[in-house]
Amino acid sequence: QVHLVESGGGLVQTGGSLRLSCTISGSFFRIDAVGWYRQAPGKQRELVAHLISGGSVTYQDSVKGRFTISRDNAENTVYLQMTSLKPEDTAVYFCMARVVLITTGLSDPYWGQGTQVTVSS
């Protein structure tokens with residue numbers, strides 16, 4: 001079993017900052033990739049930022065220069081630092097980790113339960 005727990009969401013004014021955290025726990029051999037996704041009401045879930053072990057990072061165009069994804073390997077924690085927040089950033093933010101299970105050796109994605117980010121205008 002793999003568990004992801006997000007924290008750090010909340011209400012912030014336009015131009016403000018938040019840092020989301022995601023702690024990954026369970027019986028896995030390694031983490032191959034981590035990412036943050038978001039889903040606004042009535043919209044599909046979309047990629048915000050993605051980090052592959054080894055360093056390759058991808059950001060959605062709308063957050064480039066404002067959001068930064070990082071990972072603490074020792075703590076199995078993923079962060080999303082969000083600055084210059086805009087009302088259109090309002091959404092539920094989900095953490096994703098692609099891990100290799102000890103039991104199966106397979107690499108599969110796992111998701112957290114989501115944390116709400118609301119940016120007021």
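**Figure 1. Arg45, a partly exposed residue of a predicted model.** With a relative accessible area of 36%, Arg45 is partly exposed, because that class lies between the limits of under 20% for buried and over 50% for exposed. The structure shown here and in the following figures is a predicted model. Arg45 is located in the loop between E4 and E5. When its neighbours within four places in sequence are left aside, Arg45 is in contact with Tyr37, Arg38, Gln39, Phe94 and Trp111. Although Arg45 and Tyr93 are 48 residues apart in sequence, their C-alpha atoms are 9.1 Å apart in space.

**Figure 2. The chain as a whole.** The chain contains 11 strands and zero helices, so that its pattern along the sequence reads β-β-β-β-β-β-β-β-β-β-β. Along the principal axes, the C-alpha atoms fill a box of roughly 50 × 25 × 25 Å. For 121 residues, a compact globule would have a radius of gyration near 14 Å, and the value for the chain, 14 Å, agrees with this. Of the 121 residues, 41% count as buried. Among contacts with a separation of 6 or more, 55% join residues 24 or more positions apart. The chain exposes about 6,300 Å², of which carbon and sulfur atoms supply 50%.

**Figure 3. The largest nonpolar core.** This core has 31 residues, and those with the most contacts inside it are Ile24, Trp36, Leu80, Met82 and Tyr93. The elements that give two or more residues to the core include strand E1 (2–7), strand E3 (18–26), strand E4 (28–39) and strand E5 (46–52). Strand E7 (67–72), strand E8 (77–82), strand E9 (91–101) and strand E11 (115–120) are also among them. E9 gives the most to this core, with six residues.

Figure 4. Ile69 is placed in strand E7. Its relative accessibility is 6%, and Ile69 therefore counts as buried. Apart from residues up to four places away in sequence, Ile69 touches Val34, Gly35, Trp36, Ala49, His50, Leu51, Val57, Tyr59, Val78, Tyr79 and Leu80. One of these residues, Leu80, is 11 residues from Ile69 in sequence. The C-alpha atoms of Ile69 and Leu80 are 4.6 Å apart in space.

**Figure 5. His50, a contact partner of Ile69.** His50 belongs to strand E5. A relative accessibility of 18% is under the 20% limit, so His50 counts as buried. With neighbours within four places in sequence left aside, the residues in contact with His50 are Ala33, Val34, Gly35, Tyr37, Ser56, Val57, Thr58, Ile69 and Met96.

**Figure 6. Ser21 in strand E3.** Ser21 lies in strand E3 and is buried, with a relative accessible area of 15%. Beyond its neighbours within four places in sequence, Ser21 is in contact with Val5, Glu6, Ser7, Trp36, Thr77, Val78 and Tyr79. Among these partners is Trp36, which is also listed among the residues with the most contacts inside the largest nonpolar core.

**Figure 7. Val2 in strand E1.** Val2 has its place in strand E1. At 8% relative accessibility, Val2 counts as buried. Leaving aside neighbours within four places in sequence, Val2 is in contact with Ile24, Ser25, Gly26, Phe28, Val99, Leu101 and Tyr110. Val2 and Asp61 are 59 residues apart in sequence, and the distance between their C-alpha atoms is 30 Å.

**Figure 8. Two loop residues with a positive phi.** Most residues other than glycine have a negative phi. Asn76 is not a glycine, yet it has a positive phi of about 50°. Asn76 lies in the loop between E7 and E8 and counts as partly exposed, at 22% relative accessibility. Ser84 is likewise not a glycine and has a positive phi of about 45°. The place of Ser84 is in the loop between E8 and E9. With a relative accessible area of 41%, Ser84 is partly exposed.

Methods:
Residues are numbered from 1 along each chain as its sequence is written. This is a predicted model: local features need pLDDT of at least 70, side-chain atom pairs count only at pLDDT 80 or more; totals for chains, interfaces and linings use all residues. Side-chain values use heavy atoms; hydrogens and water are left out. Helices (H or I, at least four residues) and strands (E, at least two) are DSSP runs, numbered from the N terminus. The radius of gyration is taken over C-alpha atoms; the globule rule is 2.2 Å times the number of residues to the power 0.38. Buried means under 20% relative accessible area, exposed over 50%, partly exposed in between (1.4 Å probe, protein chains only). Contact means heavy atoms within 4.5 Å. Accessible areas come from the Shrake-Rupley method with a 1.4 Å probe; for residues, only the protein chains shown count as cover. A nonpolar core is a set of buried Ala, Val, Leu, Ile, Met, Phe, Trp, Tyr and Cys residues joined through side-chain atoms within 4.5 Å.
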